[in-house]
Amino acid sequence: MPLKTFNRQLRLLTLLAGNRTMDVRQVAAHMQMGRRQIYRYLELLVAAGFEFENNGGVYRLKPSSPFYRELRQRMSRPASGDILHADAYDARYEHNLQHMCEAIEQHHQVILQGYHSQNSQTVRDRRVEPYYLFEDNDAVRCYEPESGMCKTFRLSRASVVEILPQTWEHPEEHTLPHTDLWGYTSAEPRPVTLRLTPLAYQLLTEEYHVEEGSVETLRDIPGGPARAYLLHTSYCHPFGIGRFVMGLPADIQVLDSPELEHYIEEQIAHFTKK
C-alpha cells in the first residue's frame with residue numbers, strides 16, 4: 001500500500017474514532033478529499049475488519065470493533081512493571097467495555113457491580129440504563145432508576161458489568177449532555193462570548209473544532225482585514241475554557257460571563273501567591 005494512502009486511512013480512523021457530528025461531506029472537507037474517496041476508504045477498512053456506526057450519514061468507529069479494542073489494549077499496557085496485573089486489568093476492562101457496548105446496542109439495563117463512587121465514597125452495585133458511550137470509552141451516560149437521574153459512570157470504577165434481561169424502561173429520560181469545545185460535558189452548559197485577536201482566533205481554529213456560525217468577524221472596513229473575532233459558544237466547566245483564556249491573556253477578553261471571570265481571577269490570585 002502506498003504510504004500516502006496508508007496515512008490517509010490512519011487519519012480517517014483517528015477522526016472517526018471520536019466523531020459525533022461530522023457527516024461524510026464535512027469529513028471529506030476536513031481531510032481535503034472527495035466524498036467518493038471517503039466511501040472507498042470506508043469500504044476498505046470494513047473489509048479489513050473495522051466496524052462503523054452510521055447515524056444519518058455520520059460515521060463513527062465502533063468501540064466494539066475488534067481491531068480498535070486490540071489497539072487500545074496494546075497501547076494502554078505499561079512498558080514495564082507488573083505485566084500480569086496489567087493483563088488482568090485490561091481483560092476485565094475489555095470485558096466490561098464489550099458488555100456495555102452490547103447493552104447500549106440492544107437497549108438493555110446493566111448492573112455495575114462493586115461500583116466505586118467518588119462523590120459518595122461508597123462501593124455498591126448500581127442498576128442503570130446505559131445509552132451513550134463517550135469518546136474515551138471509559139465514561140458512559142446512563143439513566144439510574146433509583147435516583148431518577150441521568151449520570152455519568154466510569155467503567156474503570158466497576159468490578160463487573162452484568163447485562164440484565166430487562167430492557168430500557170425510561171428511554172424518554174435519556175438526555176445527551178452537551179460537550180463544549182474543550183471536551184467537558186454537562187447537561188446545563190453556560191453561554192459565553194469571547195473577544196479574540198486574530199492570533200487567538202488562529203490558535204482556536206487550529207486546536208479545536210469550531211462550529212460553523214459561532215464566530216462573528218469584526219472589521220473596521222467592510223471587506224478589509226479582520227480586526228477581531230467574537231466567539232459565541234458555551235462551556236460546561238470553567239477549567240477547560242479557563243485554561244484557554246489564561247494561556248492568551250492579552251489576546252482574549254471574556255465579555256458576558258461574570259462566573260467565568262471570577263474563576264479566572266481566583267486562579268490568577270492563587271498563582272501570584274505562590
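Helices (H or I, at least four residues) and strands (E, at least two) are DSSP runs, numbered from the N terminus. The model is predicted: local features need pLDDT of at least 70, side-chain atom pairs count only at pLDDT 80 or more, and totals for chains, interfaces and linings use all residues. Residues are numbered from 1 along each chain as its sequence is written, and side-chain values use heavy atoms, with hydrogens and water left out.

**Exercise 1.** Determine where His107 is found and whether its phi is positive or negative.

Solution. 
1. His107 lies in the loop between helix 5 (83–106) and strand 3 (108–117).
2. Its phi is near 60°, a positive value in a residue other than glycine.
3. For comparison, most residues other than glycine have a negative phi.
4. His107 has 39% relative accessibility and counts as partly exposed. Buried means under 20% relative accessible area, exposed over 50%, and partly exposed in between (1.4 Å probe, protein chains only).

**Exercise 2.** Count the disulfides in the structure, then examine Cys142 and Cys150.

Solution. 
1. A disulfide is a pair of cysteine sulfur atoms within 2.5 Å.
2. The count is 0 disulfides.
3. For Cys142, the nearest cysteine sulfur is that of Cys150, 9.0 Å away, and Cys142 is in no disulfide.
4. Cys150 is likewise in no disulfide.
5. Cys142 is buried at 0% relative accessibility; Cys150 is buried at 18%.
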